[in-house]
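Please examine the sequence and the three-dimensional structure shown below. The paragraphs that follow lead through them step by step.

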Amino acid sequence: MDKETLIKLDFAKGLAREAGLVAKKKIGNLGWTHLKSGFYDVVTDADVAVEKIVKYEIEKAFDDETVLGEETGEDKKGKNGKIWIVDPIDGTTNFSKGIPHFCVSISYVVNDDPLIGVVYDPYMDELYEAVKGNGAFMNGEKIKVNETSELTDAILNTGYQYSATEYRDVVLRNYSAFFGKVRAIRVFGSAVLDQCYVANGRIDGFWEYCLKPWDVAAGSLIAKEAGASVIGIGEEFSIYGKTIVVANPNLISKILEVIKS
Ligand code: IPD
Ligand code: CA
Ligand code: CA
């Protein structure tokens, strides 16, 4: 790993921890909460405050680099193909009700390809990290996907977009197609942690439609570096795409087959 990447990795790890602890302190002490759209897409003062800190620190440390954050949505492609992509709190719906399953996600992306991914879950005190080509780690220990090869042994996670209209039928059809074919289907409410849970082998696979770059940039790299296959549904996987399936290589085609049925 070159020196510049190592500096950025260390910086992102420190920042993700700091941001996660700010969010954790706010969970029982929320200021305002409002809806971005409909009655479901919640944002809290903590999402905005955490993003502000992360953006400020990145811009202070690397003054020629820019940030795409969920809450500010600026600088879509960055400068010279380089951009930091941030989800200040992934799992806001959980967070807003005091459910301690959420994380901070920070990635550094070069030409649409994640080079660094860091995710911090402050309640579990678990820090996930990956640099392209260098493996994935949780709290400094190397992690890898599990070896489950049968759907009947598999726990799969999924999630769904906030809008109840886009992809509604396909989401419900998929859920029902897996029902009875896998050991269990879970909806934990943090797409980023779902990808990290495939990476450390806690779950066997994850699929979702309608995700955004900040939901997949760090998580997909961590999963890939832990040995997962990461693909799109009817499209090539891209952090700017709309769909994702993540699983160990033994299961990925079996999962895709059910989705396509
Ligand atoms: C959401 C979570 C959720 C997923 C949604 C995402 P947010 O992100 O990752 O698990 O199902 O599609 O939008 O809003 O909590 O950052
Ligand atoms: Ca998110
Ligand atoms: Ca978020």
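Phe-62 counts as buried, because its relative accessibility is 13%; buried means under 20% relative accessible area, exposed over 50%, and partly exposed in between (1.4 Å probe, protein chains only). The model is predicted: local features need pLDDT of at least 70, side-chain atom pairs count only at pLDDT 80 or more, and totals for chains, interfaces and linings use all residues. Residues are numbered from 1 along each chain as its sequence is written, chains are lettered from A and ligands numbered from 1 in the order in which they are written, and side-chain values use heavy atoms, with hydrogens and water left out.

The structure holds 8 aromatic pairs. Rings of Phe, Tyr and Trp (its six-membered ring) pair if their centres lie within 6.5 Å; planes under 30 degrees apart count as stacked, over 60 as edge-to-face and the rest as tilted. The rings of Phe-11 and Phe-62 are an edge-to-face pair, because their planes stand at 85 degrees, with the centres 5.0 Å apart. Phe-11 belongs to helix 1 (residues 3-26), while Phe-62 lies in the loop between helix 2 (45-61) and strand 3, so the pair ties together parts that are 51 residues apart in sequence. Helices (H or I, at least four residues) and strands (E, at least two) are DSSP runs, numbered from the N terminus. Ring pairs also link Phe-11 and Phe-62 with Trp-84 and Tyr-108 into a cluster. Phe-95 and Phe-102 form an edge-to-face pair as well, since their ring planes are at 80 degrees, with centres 5.0 Å apart. Both Phe-95 and Phe-102 are buried.

The next topic is the sheet. Strands of a sheet pair through backbone hydrogen bonds, either parallel or antiparallel. Here, 7 strands form an open sheet in the order 3-4-5-6-7-8-9, with mixed pairing; two strands pair if DSSP finds at least two bridges between them. Strand 3 (67-69) and strand 9 (141-142) are the edge strands, each pairing on one side only. Strand 4 (residues 82-90) runs antiparallel to strand 5 (residues 103-110), and the two pair over 7 bridges. Val-86, for instance, has Ile-106 in strand 5 as its bridge partner.

Which residues coordinate the calcium ion (ligand 2)? They are Asp-87 (OD), Asp-90 (OD) and Asp-215 (OD), at 2.1 to 2.2 Å. Donors are N, O and S atoms within 2.8 Å of the metal (3.2 Å for Na, K and Ca); water is not among the atoms, so sites may look incomplete. Asp-90 lies in strand 4 and Asp-215 in helix 6 (residues 213-225), so the pair ties together parts that are 125 residues apart in sequence. Asp-90 is buried, because its relative accessible area is 5%, and Asp-215 is buried too, with a relative accessible area of 11%.

Asp-87 and Ile-89 are both buried.

Finally, consider a residue at the surface. Tyr-160 counts as exposed, because its relative accessibility is 54%. Tyr-160 lies in the loop between strand 10 (155-158) and helix 4 (168-178).
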